[in-house]
Amino acid sequence: MKNRIHYSASLFLYFVLFCGLSPLSYSKIFLDYETDPLPLIKINFVLPAKEAFKVDTDNLGLKILEECFESGTLKFDKQKYQDLLASYGASLEISTGQSYQEVNLTFPLSGGKIPEGLIQLTKDSLEQPRITEETFERARKLLKANFISTLERDSSLLISAMNRYMGAKLFNFPFYETTTFDRVSISNVQDLHKNYYNNSNIWMGVIAPKELKEEIRKLSQRLFSNSGDIEEGMLETELKSGFMLPQTGKINPTFILIDKKDLAQIDYGFIRVSHQKKENQHELTDKIINYLLTRAGIDSIYGRKIRAEKGLAYQVSGIYTEYLDFPVISLFSNPQRSKQKEAVEVLSDLVKSTFDKADLINTLPDPFFNGKMLSYKNSERQDGATPDGRLHRRKDVATNDMSFDFYKSNIDSWNVSKTQATKRLTNFTKSSSMVMGVIGDANELEPLIKKSFPKYQLVKISYKDVLENTWLK
Amino acid sequence: MRQFWTLLAFSWIVACSSSSVSTAERTNSSEKAPLATVLKEETLEPYPGLKIDHVQFSNGLNAYIIPREQNGTVGVVVGYEVGSRFEKVGRTGLAHLFEHMMFRGTESFPEPFQTLSEWSGHEFNAFTSDDQTVYHEMVPLKNFEDALKFESERMRKLLITPQGFNTERGAVVSERKMNYEDSPGGRLHFELYQTAFDKHPYKTTPIGWQDDIERASFEDALSFYHRNYAPNRASIAIIGDIKTDETKNLLLKYFGSFEEVPFKGLDTPKETLYRKNRKKTIHLKTQAVFLGDAAFAPTYNDKEAFAELFMCVLFADSTSGYLQHTLVEKGIARSVSASCSPSVDPGLSTITIVGVPKVSAATLEKKYEEAKKGFLAWAKNDRFENIKKYFEISQLESMRSPMDFATSIVSNAVTAKDPLYSFKLVEEVKKLKFEDIEKQFKTREKIGHTRILIIPAEKNDPMKKDKK
């Protein structure tokens with residue numbers, strides 16, 4: 001209780017410590033702080049997995065490593081490990097992003113100190129995760145089952161198929177597939193852990209009362225022993241991810257048709273990927289374009305057209321603003337099967353006005369465009385309204401998902417005109433590749449697609465071939 | 001666009017003339033002098049320093065005002081005591097369909113997505129459950145008053161047109177197909193409720209039957225609105241850069257002129273809780289077996305609700321529950337999860353298990369039954385006390401975001417009639433003894449269970465239109 005009272009003194013007082021950054025030395029841990037009215041401490045570590053994403057077995061290996069972390073330590077099996085974590089009221093979760101792996105440790109504030117036992121347990125977990133033949137095999141089996149089951153949902157199946165097609169044809173990017181599960185070995189996982197779980201390049205985001213700053217500093221030294229420098233404050237440049245894709249290739253407009261019968265609705269969508277890597281100067285404009293088209297939800301341009309005006313579908317969404325560092329524009333929706341003819345026509349109109357004529361944004365009424373700009377700014381303000389949200393933005397800088405220039409820019413100064421957005425959309429269209437996709441009954445859909453998208457190469461795949469990943473062979 | 005507006009205005013007039021909407025009620029605008037007064041004011045403090053100012057108005061509206069620094073933004077959450085529990089056979093899906101209608105416009109904001117977005121970049125959303133419908137929006141501080149005005153007009157002065165009603169019907173049918181007909185997990189959930197309940201409206205879940213959605217008339221929707229959207233059926237939470245006194249005055253200005261709509265409560269039919277177990281098998285185009293096991297659950301008023309919820313955490317939490325160790329770790333199941341929150345009337349506590357592909361339904365069932373026998377021995381002693389601590393931080397973590405926190409306050413006020421029910425839950429779980437879990441687990445075994453098995457097949461077994 002004493003701590004809770006003590007804690008309340010800093011209640012609602014959010015602060016960020018910006019200390020001067022000194023030149024980086026061989027080992028770098030970056031500490032970033034926030035406070036929160038809830039009596040919880042949250043520590044987020046991000047470790048760039050560098051080159052691991054270039055090989056499919058390493059790509060899968062990182063997921064297996066994640067499972068091995070959650071299986072305990074070499075000293076404690078999963079049950080004992082979870083019992084110990086729970087005895088501190090703590091949770092330790094690992095997840096893998098596009099070019100990094102992150103660890104989230106959450107525990108209650110008690111006694112003004114971080115319990116020694118919890119520090120030791122976290123240290124054991126990071127240094128000696130349970131990578132054994134048994135946990136490796138179990139993880140491989142479980143992940144394979146998950147991989148197959150993810151495709152239960154048609155929207156996931158469609159996105160997966162389109163991703164794989166683009167990965168293979170545009171980037172030579174090694175998405176892991178069913179055969180990767182047979183080729184990955186325990187040594188892949190051991191090497192990944194050895195290479196990336198060290199003190200060479202780590203970002204730590206902490207939500208804790210400021211009084212615990214020294215404790216957190218000691219914790220970071222304990223967890224990553226022999227660490228040289230600990231930098232406090234905002235990291236201005238990204239961690240050395242090293243994940244750089246080569247210049248993309250180019251593909252002709254393609255329409256993937258997955259033949260699956262008996263569906264009550266059809267899932268369709270497109271992903272259009274730029275051939276040029278993202279540039280800081282276009283960062284805001286790219287975000288605004290995606291927000292206008294889909295990310296504003298049912299009030300986006302596509303949302304209004306498909307759902308609010310036509311009542312064709314419930315879901316209207318875009319899934320990325322960038323695809324492996326390349327700007328992207330995308331749309332996914334799920335019209336009812338009984339309305340599939342109208343749906344394909346609407347999709348065709350949207351594609352034409354977005355890319356072929358590229359006049360979709362330019363013809364928007366000014367109040368709508370300006371309202372969406374405001375709305376986007378508000379959503380960014382809201383993201384910055386919580387400790388979690390603020391730390392998340394700073395992690396995005398550390399992982400190169402947001403430029404530091406964009407991070408530090410004043411939201412009030414953000415402004416993109418319709419002309420700028422249209423120019424960007426026109427240039428984007430000139431240098432990008434388009435993949436479209438639909439999942440439904442091929443007998444019904446093929447004639448509709450050929451009529452509305454005559455210039456697209458049609459790739460027809462059976463449902464079974466998509467599930468078994470044999471269609472790209 | 002202008003043409004569309006004209007058309008909309010015209011269709012509203014048509015709507016007024018062809019429906020039972022009272023013009024007097026429509027002109028009873030928020031600018032009228034407030035009739036309501038403040039009945040009660042108090043400050044709630046679930047954790048030291050975490051203050052919530054509660055104001056109760058004489059027209060029945062309850063407001064929860066939470067001033068906190070929030071980067072120049074304010075969150076507004078309005079919850080109504082109306083959900084699928086308020087629907088009748090043949091009129092299912094109406095509460096949820098009406099949630100969609102609430103975004104179609106009000107007197108001052110005829111196209112809210114357009115007007116509010118254009119003025120101030122409003123962001124809003126909503127959800128409907130068995131017992132409640134909740135609307136939330138996040139706005140910049142300078143537009144906070146617009147948000148209150150909009151919510152007040154949605155409460156009593158919604159603009160609804162037959163055209164808008166038909167468009168939203170299409171979106172709802174699509175939502176149903178996506179989440180229930182083409183999704184094995186959604187289908188399992190729907191079938192559990194369909195099979196477990198005989199007569200209570202929980203039977204159909206908020207999504208309703210497609211036939212009912214398609215048959216619902218515009219007049220049905222209007223009548224539903226006027227009966228259920230009223231200050232005495234609502235709670236509102238406001239969180240952000242605001243001051244309590246100013247907010248209270250604004251609430252009086254915008255909601256004070258509304259009178260309460262008499263509501264005698266519902267006379268819902270009672271289910272027989274102790275009855276024979278039921279089982280249904282469905283064949284779908286899936287890769288794995290889905291097993292759903294449900295039993296009738298305690299209500300908010302039952303003290304057993306805390307033991308039931310925590311028992312589910314121990315038994316089937318998706319991260320550290322007992323079934324995770326006995327089924328997922330052993331390569332039998334891909335995932336396990338539990339949903340055991342209380343409801344207003346006895347609802348369902350459900351355990352969902354998704355098998356690893358190629359594990360048969362018979363094996364999954366057998367392993368599940370075997371696993372249950374070892375649960376109490378596993379959950380004893382230190383583990384029981386430790387998982388309580390884990391439960392506390394997971395509950396607090398779930399309220400970290402301001403909107404989640406405000407939604408929790410409103411949702412609990414509307415359903416449990418206690419805005420701090422989530423905090424009470426944490427405190428009551430701390431007090432539980434292992435014997436409480438043991439007793440609840442044994443009681444649960446005696447109550448009528450419902451089991452649904454979804455088995456992989458070449459052809460889909462479409463949803464039957466059985467609405468008994």
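Which helix of chain B holds Phe306(B)? Phe306(B) is found in helix H11 of chain B, and we'll come back to that spot once the ground rules are clear.

What you're looking at is a predicted model, where local features need pLDDT of at least 70, side-chain atom pairs count only at pLDDT 80 or more, and totals for chains, interfaces and linings use all residues. Residues are numbered from 1 along each chain as its sequence is written, chains are lettered from A and ligands numbered from 1 in the order in which they are written, and side-chain values use heavy atoms, with hydrogens and water left out.

Let's start with chain A. It has 18 helices and 13 strands; helices (H or I, at least four residues) and strands (E, at least two) are DSSP runs, numbered from the N terminus. Of its 473 residues, 63% count as buried. Buried means under 20% relative accessible area, exposed means over 50%, and partly exposed is in between, using a 1.4 Å probe and protein chains only. The accessible surface of chain A is about 18100 Å², and 50% of that belongs to carbon and sulfur atoms. Those areas come from the Shrake-Rupley method with a 1.4 Å probe, and for residues only the protein chains shown count as cover.

Asn59(A) lies in helix H2, residues 56-70, and is buried, with a relative accessible area of 9%. Leaving aside neighbours within four places in sequence, Asn59(A) is in contact (heavy atoms within 4.5 Å) with Ala52(A), Phe53(A), Phe173(A), Pro174(A), Phe175(A) and Tyr176(A). Glu127(A) sits in helix H4, residues 116-127, and is partly exposed, at 36% relative accessible area. Follow the chain from Glu127(A) to Lys194(A) and you cover 67 residues in sequence, yet their C-alpha atoms are 8.8 Å apart in space.

On to chain B, with its 18 helices and 12 strands. Here buried residues make up 64% of the 468 residues. Among contacts between residues at least 6 apart in sequence, 80% join residues at least 24 apart.

How confident is the predictor about chain B? The average pLDDT, which is the predictor's confidence in each residue from 0 to 100, is 86 for chain B, and 90% of the residues score at least 70. Over residues 1-30 of chain B, though, the pLDDT is below 50, and beyond near neighbours in sequence this stretch has 47 contacts in the model. Where pLDDT is low, the predicted coordinates should not be read in detail.

Back to Phe306(B). At 7% relative accessibility, this residue counts as buried. Beyond neighbours within four places in sequence, Phe306(B) touches Tyr421(B), Lys424(B), Leu425(B), Glu428(B), Val429(B) and Leu432(B). Ser341(B) is 35 residues away from Phe306(B) in sequence, but 8.9 Å away in space, C-alpha to C-alpha.

H11 (residues 304-316) packs with H18 (residues 434-446) of chain B at an angle of about 85°, their axes 9 Å apart. That makes H11(B) roughly perpendicular to H18(B), a label for angles of 65 to 115 degrees; under 35 counts as roughly parallel, over 145 as roughly antiparallel, and the rest as oblique. The axes are lines fitted to C-alpha atoms, for helices over the stretch in contact, and angles run from 0 to 180 degrees between N-to-C directions. Residues making the contact include Phe310(B) and Met311(B) of H11(B), and Ile437(B) and Phe441(B) of H18(B).
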